[in-house]
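Try each task before you read its solution.

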Amino acid sequence: MRAVIAEDSVLLRVGLVKVLEMAGFEVTAEVGDAEALLASVGEHRPDLAMIDVRMPPGFTDEGVHAALAIRRQWPTTAVVLLSQYVEERYAADLLTANTSGVGYLLKQRVADVEEFAATVRRVAAGGTALDPQVVAQLLLRRDSDPLQRLTPREREVLALMAEGRSNAAIAEDLVVTDSAVAKHINNIFAKLDLPPADGHHRRVLAVLRFLHGPSIDRRLRPPGGTTGSPDGPP
């Protein structure tokens, strides 16, 4: 069986190539963005496309749109979406389009090589695979506090956003790259259910939820910051 991999992290991409080769796949192409993925699938017509949910240029849902396009144009190509964390609406989008030959897995599953390889083979053969955490998330109450979805690092980024820091300033403070900060911010927007809109507007909405959220850990707010009182305007 032939496979194409789309993952912007070079290290993870190399690891995925090794895992798929161990699972009996021939990796015909490995790319880092959605546009190159669609071109590769059109050229190689693989049995399987393994796709990162968030890829350049926007690091939002490029992989999801690419997966849906693949299922429309090349329905015999199975797709497996890989994600850093659970976003049930992406799984729902994929399953709404077709329930055969689709998978949605968290990247942490790659560590269990044998189980991951078996799951991928099952999807390539026409089966369906949903990460157990995806299933659990689908069963959560919709009125749960969305701030609870944020990772500790995402809460740090949101706290610095609330202080009025730019992406570059946040990157310098946390000693990470600008692209890593952009990924964290897009993750925050998605987890807080903020739909695509003007970027500045979404930053304001995210900060407001941070200030007024009932369960956020206030200790993450830098002392002497400019965020204002939790009960008043920022």
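**Exercise 1: the largest pocket**

In this predicted model, the largest pocket has a volume of about 390 Å³. Find the residues closest to its centre, then describe its lining.

Solution. 
- Step 1: Start from the 21 residues that line the largest pocket; the closest to its centre are Gln84, Lys107, Lys183, His184 and Asn187.
- Step 2: Look for the element that gives the most to this lining: helix α9 (residues 178–191), with six residues.

**Exercise 2: helices α2 and α3**

Work out how helix α2 (residues 34–44) packs against helix α3 (residues 62–73).

Solution. 
- Step 1: Take the geometry: the angle is about 20°, and the axes are 9 Å apart.
- Step 2: Angles under 35 degrees count as roughly parallel, so α2 is roughly parallel to α3.
- Step 3: Check the handedness; α2 passes α3 in a right-handed crossing.
- Step 4: List the contact: α2 brings Ala34, Leu37, Leu38 and Val41, while α3 brings Glu62, Ala66, Ala69 and Ile70.
- Step 5: Classify these residues of the contact: seven nonpolar, no polar and one charged.

**Exercise 3: helices α1 and α5**

Now do this for helix α1 (residues 10–22) and helix α5 (residues 113–124).

Solution. 
- Step 1: Here the angle is about 70°, with the axes 9 Å apart.
- Step 2: The range 65 to 115 counts as roughly perpendicular, so α1 is roughly perpendicular to α5.
- Step 3: Leu16, Val19, Leu20 and Met22 of α1 meet Val113, Phe116 and Val120 of α5.
- Step 4: By class, the contact has seven nonpolar, no polar and no charged residues.

How values were computed. Residues numbered from 1 in each chain as written. Predicted model: local features only at pLDDT ≥ 70, side-chain atom pairs only at ≥ 80, totals over all residues. Heavy atoms only, no water. 1 Å grid on protein atoms, 1.4 Å probe; cavity = no way out; pocket = protein on both sides within 12 Å on 5 of 7 lines; lining within 4 Å. Points joined across faces, edges and corners; volume = space filled by probe spheres on them. Helix = DSSP H or I, 4+ residues; strand = E, 2+ residues; numbered from the N terminus. Axes fitted to C-alpha atoms, helices over the stretch in contact; angles between N-to-C directions. Parallel < 35°, antiparallel > 145°, perpendicular 65-115°, else oblique. Left-handed = near helix turned anticlockwise from the far one by under 90°. Contact = heavy atoms within 4.5 Å. Nonpolar A, V, L, I, M, F, W, Y, C, P; charged D, E, K, R; others polar.
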